[in-house]
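Student: I would like to learn how to read helix packing and strand pairing in a model. Can we work through an example?

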Amino acid sequence: MPTFTRSYTKAEQKLVERDKEMVPTILVRAMFALCISVLIIVAYARLTDRPLEAMPPSEAEVPVVQERIIRIFGQMDGSARVLDIDGSLIADLGPTEGGFVAGIYRVLERERGAVGLSPSEPIRLVRFSDGRIGLRDDLTDFRAELFGFGASNEAVFARLLEE
(Lines give C-alpha, C1' and ligand atoms only; values in the text may rest on other atoms or scores of the structure.)
Protein backbone atom coordinates (compact mmCIF):
# COMPACT_ATOMS: atom_id res chain seq x y z
CA MET A 1 0.00 0.00 0.00
CA PRO A 2 1.51 3.33 -0.97
CA THR A 3 2.05 5.97 1.68
CA PHE A 4 1.25 9.54 0.97
CA THR A 5 3.25 12.33 2.45
CA ARG A 6 2.00 15.82 2.37
CA SER A 7 4.40 18.49 1.39
CA TYR A 8 3.69 21.92 2.77
CA THR A 9 4.45 25.21 1.17
CA LYS A 10 6.67 27.55 3.13
CA ALA A 11 3.66 29.57 4.38
CA GLU A 12 1.79 26.42 5.41
CA GLN A 13 4.85 25.12 7.25
CA LYS A 14 5.01 28.35 9.26
CA LEU A 15 1.35 27.91 10.23
CA VAL A 16 1.91 24.29 11.27
CA GLU A 17 4.84 25.30 13.49
CA ARG A 18 2.92 28.25 14.90
CA ASP A 19 -0.07 26.05 15.78
CA LYS A 20 2.19 23.66 17.68
CA GLU A 21 3.31 26.55 19.85
CA MET A 22 -0.09 28.23 20.39
CA VAL A 23 -0.47 26.78 23.87
CA PRO A 24 2.81 25.83 25.50
CA THR A 25 2.94 22.35 26.98
CA ILE A 26 3.92 23.71 30.40
CA LEU A 27 0.76 25.83 30.46
CA VAL A 28 -1.45 22.84 29.64
CA ARG A 29 0.21 20.85 32.43
CA ALA A 30 -0.19 23.74 34.88
CA MET A 31 -3.91 24.06 34.06
CA PHE A 32 -4.34 20.30 34.52
CA ALA A 33 -2.53 20.47 37.89
CA LEU A 34 -4.74 23.39 38.97
CA CYS A 35 -7.92 21.46 38.10
CA ILE A 36 -6.73 18.40 40.01
CA SER A 37 -5.81 20.58 43.02
CA VAL A 38 -9.24 22.21 43.08
CA LEU A 39 -10.92 18.81 42.81
CA ILE A 40 -8.89 17.50 45.76
CA ILE A 41 -9.66 20.56 47.91
CA VAL A 42 -13.40 20.39 47.17
CA ALA A 43 -13.51 16.64 47.80
CA TYR A 44 -11.71 17.12 51.13
CA ALA A 45 -14.14 19.88 52.17
CA ARG A 46 -17.18 17.78 51.30
CA LEU A 47 -15.91 14.56 52.90
CA THR A 48 -14.96 16.28 56.16
CA ASP A 49 -18.15 18.42 56.30
CA ARG A 50 -16.21 21.67 56.60
CA PRO A 51 -18.51 24.55 57.49
CA LEU A 52 -19.14 27.29 54.96
CA GLU A 53 -16.69 30.11 55.65
CA ALA A 54 -17.95 33.03 53.57
CA MET A 55 -21.46 33.23 54.98
CA PRO A 56 -22.86 36.38 56.58
CA PRO A 57 -23.60 36.18 60.31
CA SER A 58 -26.84 34.48 61.26
CA GLU A 59 -29.72 36.01 63.19
CA ALA A 60 -28.42 34.27 66.31
CA GLU A 61 -25.08 36.10 66.00
CA VAL A 62 -26.41 39.55 64.99
CA PRO A 63 -29.85 40.43 66.38
CA VAL A 64 -32.70 41.84 64.28
CA VAL A 65 -33.57 45.41 65.30
CA GLN A 66 -36.37 46.08 62.82
CA GLU A 67 -38.66 43.72 60.93
CA ARG A 68 -41.57 44.08 58.56
CA ILE A 69 -43.61 41.32 56.98
CA ILE A 70 -44.43 42.16 53.37
CA ARG A 71 -45.97 40.65 50.26
CA ILE A 72 -44.29 41.27 46.91
CA PHE A 73 -46.02 41.16 43.54
CA GLY A 74 -43.83 41.63 40.48
CA GLN A 75 -44.37 41.83 36.74
CA MET A 76 -42.07 40.92 33.87
CA ASP A 77 -41.92 44.56 32.76
CA GLY A 78 -40.13 45.45 36.03
CA SER A 79 -43.07 46.97 37.86
CA ALA A 80 -43.82 45.75 41.37
CA ARG A 81 -46.27 46.27 44.20
CA VAL A 82 -45.41 45.75 47.84
CA LEU A 83 -48.17 45.24 50.38
CA ASP A 84 -48.12 45.09 54.16
CA ILE A 85 -49.28 41.92 55.91
CA ASP A 86 -52.76 43.45 56.34
CA GLY A 87 -52.99 44.23 52.59
CA SER A 88 -52.31 47.97 52.68
CA LEU A 89 -50.16 49.30 49.86
CA ILE A 90 -46.60 50.18 50.87
CA ALA A 91 -45.19 50.91 47.42
CA ASP A 92 -46.35 50.79 43.82
CA LEU A 93 -43.17 50.80 41.75
CA GLY A 94 -43.15 51.39 38.00
CA PRO A 95 -40.95 49.54 35.51
CA THR A 96 -38.06 52.00 35.90
CA GLU A 97 -37.91 51.86 39.69
CA GLY A 98 -39.18 48.40 40.60
CA GLY A 99 -36.91 46.16 38.56
CA PHE A 100 -34.97 44.78 41.52
CA VAL A 101 -38.11 44.19 43.58
CA ALA A 102 -39.71 42.41 40.61
CA GLY A 103 -36.53 40.35 40.29
CA ILE A 104 -36.82 39.31 43.93
CA TYR A 105 -40.42 38.30 43.20
CA ARG A 106 -39.21 36.04 40.36
CA VAL A 107 -36.66 34.44 42.70
CA LEU A 108 -39.42 33.81 45.24
CA GLU A 109 -41.58 32.42 42.44
CA ARG A 110 -38.87 29.89 41.59
CA GLU A 111 -37.97 29.00 45.19
CA ARG A 112 -41.54 28.65 46.36
CA GLY A 113 -42.73 27.01 43.17
CA ALA A 114 -40.27 24.19 43.84
CA VAL A 115 -42.17 23.35 47.03
CA GLY A 116 -45.66 24.13 45.71
CA LEU A 117 -46.24 27.50 47.38
CA SER A 118 -47.48 30.82 46.03
CA PRO A 119 -44.74 33.41 45.40
CA SER A 120 -46.87 36.13 47.01
CA GLU A 121 -46.86 34.54 50.46
CA PRO A 122 -45.46 36.90 53.14
CA ILE A 123 -41.71 37.34 53.51
CA ARG A 124 -39.76 39.01 56.32
CA LEU A 125 -37.78 42.16 55.56
CA VAL A 126 -35.28 42.65 58.39
CA ARG A 127 -32.65 45.15 59.50
CA PHE A 128 -29.86 43.77 61.67
CA SER A 129 -28.05 45.60 64.46
CA ASP A 130 -24.96 45.91 62.23
CA GLY A 131 -27.00 47.83 59.61
CA ARG A 132 -27.45 45.04 57.08
CA ILE A 133 -30.85 44.59 55.44
CA GLY A 134 -32.04 41.18 54.37
CA LEU A 135 -34.98 39.11 53.28
CA ARG A 136 -35.90 35.93 55.17
CA ASP A 137 -38.40 33.41 53.88
CA ASP A 138 -39.45 31.08 56.68
CA LEU A 139 -41.34 28.87 54.21
CA THR A 140 -38.34 27.89 52.05
CA ASP A 141 -35.28 28.96 54.08
CA PHE A 142 -34.49 31.50 51.33
CA ARG A 143 -32.12 34.24 52.54
CA ALA A 144 -31.00 37.33 50.66
CA GLU A 145 -28.42 39.76 52.00
CA LEU A 146 -29.34 42.91 50.09
CA PHE A 147 -25.99 44.68 50.48
CA GLY A 148 -24.61 42.24 47.91
CA PHE A 149 -26.84 43.71 45.20
CA GLY A 150 -25.59 47.29 45.42
CA ALA A 151 -26.44 50.37 47.45
CA SER A 152 -29.33 51.55 45.26
CA ASN A 153 -31.07 48.16 45.34
CA GLU A 154 -30.61 47.93 49.10
CA ALA A 155 -31.98 51.48 49.45
CA VAL A 156 -35.25 50.41 47.77
CA PHE A 157 -35.87 47.87 50.51
CA ALA A 158 -34.63 50.27 53.20
CA ARG A 159 -37.40 52.67 52.11
CA LEU A 160 -39.91 49.82 52.38
CA LEU A 161 -38.82 49.28 55.98
CA GLU A 162 -39.29 52.97 56.80
CA GLU A 163 -42.68 53.54 55.14
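**Reading the model**

Tutor: Helix α3 (residues 99-113) and helix α4 (residues 151-162) pack with their axes 9 Å apart, at an angle of about 80°. This makes α3 roughly perpendicular to α4 (65 to 115 degrees counts as roughly perpendicular). The model is predicted: local features need pLDDT of at least 70, side-chain atom pairs count only at pLDDT 80 or more, and totals for chains, interfaces and linings use all residues. Residues are numbered from 1 along each chain as its sequence is written, and side-chain values use heavy atoms, with hydrogens and water left out.

Student: Which residues of α3 and α4 make the contact?

Tutor: Two packed helices are described by the angle between their axes and the distance between the axes. Here, Phe100, Val101 and Ile104 of α3 meet Asn153, Val156 and Phe157 of α4 (contact means heavy atoms within 4.5 Å). By class, five residues in this contact are nonpolar, one is polar and none is charged.

Student: In which sense do β5 and β6 pair?

Tutor: Two strands pair if DSSP finds at least two bridges between them. Strand β5 (residues 133-137) and strand β6 (residues 142-145) have four bridges, in the antiparallel sense. Arg136 has Arg143 in β6 as its bridge partner. The two strands, β5 and β6, form a hairpin with four residues between them, and Asp141 in the turn has a positive phi of about 65°.

Note on methods: Axes fitted to C-alpha atoms, helices over the stretch in contact; angles between N-to-C directions. Parallel < 35°, antiparallel > 145°, perpendicular 65-115°, else oblique. Nonpolar A, V, L, I, M, F, W, Y, C, P; charged D, E, K, R; others polar.
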